[in-house]
Amino acid sequence: MDERLLIEAAQGDPSRFGELYEQNFGRVYAFIARRVRTRQEAQDITSEVFQRALANLKRFEWRGSPFAAWLYRMASNAIADHYRQESREISWQQPEITDDEIVSAERRDLLARSVDRLPAEQRRVILMRFIEEQSIREIAEQMGKSEGAIKQLQWRAMQNLRAQMKNG
Amino acid sequence: MAERDLIQQLDAAVNAIVAGRAKDVRPVDPDVDAMVAIAGDLRDLPDPLFKASLKWKVVPRVRHTIAPHFRVRGVADYIPFLEAAFGGVEEFRAPRPDGLIAHAEVRIGDSIVEMGDAAGAVGPIAFGIHLYVDNVDELYARALKAGATALYPIVDQPYGDREGSVKDPFGNHWYIASPVRAGFRTVTPFLHPRGAERMLQFLTAAFGARTVEEPDKAPDGTIAHAAMRIGDSLIEMGEAHGEWQPMEGGIHLYVDDCDAVYRSAVAAGATTIYEPFDAPYGERSAYVIDPFGNHWYIGTPK
């Protein structure tokens, strides 16, 4: 559905916000993840952004710029609030959002969507390796496979991701 | 370079990246080099469980008293089927670490249907759904195109509905009908119990159900069709006969007081699968099976 229609639907019925969330979660998270230090901070600030977005959705006016631009601005503000609170310094400077940051966030959103399309075992290895930060040995034990088989799955997954990112 | 060496090289690079020592990665092979760049980006991969739980927390959900709950093998394939066949829209999915889906919700018209993957000893459960739509011919054709099989073709029934039935690839029956009847949502569970009269009594005692119209009787005196209201939702049934035999329906019942409804369900003859407890997804939850084999997930959102 057209983004403008989705926004209007969600402005009238907040339970329709789910589609906007699905379309924008990945890019917002990716943008924030590069500006903060830890996964926990990225998660906390992403939560803050989507709660603010829903609370302020009625104020969003369609002027032709994509909804994502509104969310990136909101994310940038939420990161600034976070660091101001942490450092207790009002003078903390909020960096401008650069084109490179947007391009990078969009690329990593595409990559996360590509991970979701991997065959189940390859996806599981990628999630365990990069999110749970488990070793090859730990993954092998949990999946009941040899360490060589897990390395092979990791290799195939990365080959698939590379191919998908080339075509994407 | 042999593939085995490349696999080792990539793994060493991933180890360094995950440990936050990306600077130590010394690329040797250009193929590995390209993958190392991707591995660097994967450091920012969002946790799918975080994505699902944030959506659960942030997005207000449509909650009617009754939500049909399917248990199928392959929710990841069932969702696209519901989208293709009935214009469903995925509202929510909670993935499990093993790739299966613990819980998902799909909006069809003005209704929500829920589902979870059957796994291990928890087998699939199939049942029947009455689907009221404006365009029965179009939806019927669309369902067949999406992979459903015909149960019976579209006919004009003497009671005024135009309807046809299909069986989806996961075993559930869909009774598609027009015109949309007053008081009905798009989706209404339709049960075929053996002993519909007793089922009506059970629903009344257990869940405070009320009949919304005088049940239609078959020539043998059994109930051909009855519609009951529970809270803001309807449930329909007809005595099992011919090819319409009992199926183990699954229903998520949203109530104000899980514990009280659980107690009345058990007093009316339901069997406990689990007693009320505070589920981690923010719901007081109990699970019973009624004397006719239907599964009831009684929940009070908190």
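Colleague: How far apart do the C-alpha centres of domain 1 and domain 2 of chain A lie?

Modeller: This is a predicted model, in which local features need pLDDT of at least 70, side-chain atom pairs count only at pLDDT 80 or more, and totals for chains, interfaces and linings use all residues. Residues are numbered from 1 along each chain as its sequence is written, with chains lettered from A and ligands numbered from 1 in the order in which they are written. Domain bounds come from an automatic or database domain assignment, and for chain A they give domain 1 (3-99) and domain 2 (117-167). The C-alpha centres of these two domains of chain A lie apart by 31 Å.

Colleague: What separates the centres of the two domains of chain B?

Modeller: The assignment for chain B gives domain 1 (3-42) and domain 2 (52-301). Taken over C-alpha atoms, the separation of their centres is 49 Å.

Colleague: Which pattern does chain A follow along the sequence?

Modeller: Helices (H or I, at least four residues) and strands (E, at least two) are DSSP runs, numbered from the N terminus. Chain A has eight helices and zero strands, whereas chain B has seven helices and 17 strands. Read along the sequence, the pattern of chain A is α-α-α-α-α-α-α-α.

Colleague: Which helix of chain B gives the most to the side that touches chain A?

Modeller: Two residues are in contact if their C-beta atoms, placed from the backbone, lie within 7 Å. The contact takes 39 residues from chain A and 29 residues from chain B. On the chain B side, helix 1 (3-18), helix 2 (30-42), helix 3 (48-58) and strand 2 (89-95) each supply at least two residues. The most, six residues, comes from helix 2 of chain B.

Colleague: How does helix 8 of chain A lie against helix 1 of chain B, roughly parallel or roughly perpendicular?

Modeller: Axes are lines fitted to C-alpha atoms, for helices over the stretch in contact, and angles run from 0 to 180 degrees between N-to-C directions. Helix 8 (residues 147-167) of chain A and helix 1 of chain B have axes 10 Å apart, at an angle of about 85 degrees. Angles under 35 degrees count as roughly parallel, over 145 as roughly antiparallel, 65 to 115 as roughly perpendicular and the rest as oblique. Helix 8 of chain A is therefore, relative to helix 1 of chain B, roughly perpendicular.

Colleague: Which residues of helix 1 of chain B make that contact?

Modeller: From helix 8 of chain A come A:Lys151, A:Gln152, A:Gln154, A:Trp155 and A:Met158. Helix 1 of chain B supplies B:Ile7, B:Leu10, B:Asp11 and B:Val14.

Colleague: Is A:Glu121 buried or partly exposed?

Modeller: A:Glu121 is in helix 6 (residues 120-130) of chain A. A residue is buried if 20 or more other C-beta atoms lie within 10 Å of its own, exposed if 12 or fewer, and partly exposed in between; C-beta atoms are placed from the backbone. Because A:Glu121 has 17 other C-beta atoms within 10 Å, A:Glu121 is partly exposed.

Colleague: How many residues has the largest nonpolar core?

Modeller: A nonpolar core is a set of buried Ala, Val, Leu, Ile, Met, Phe, Trp, Tyr and Cys residues joined through C-beta atoms within 7 Å. Those with the most contacts inside the largest core are B:Leu131, B:Ile176, B:Leu253, B:Ala265 and B:Ile298. Its number of residues is 63.
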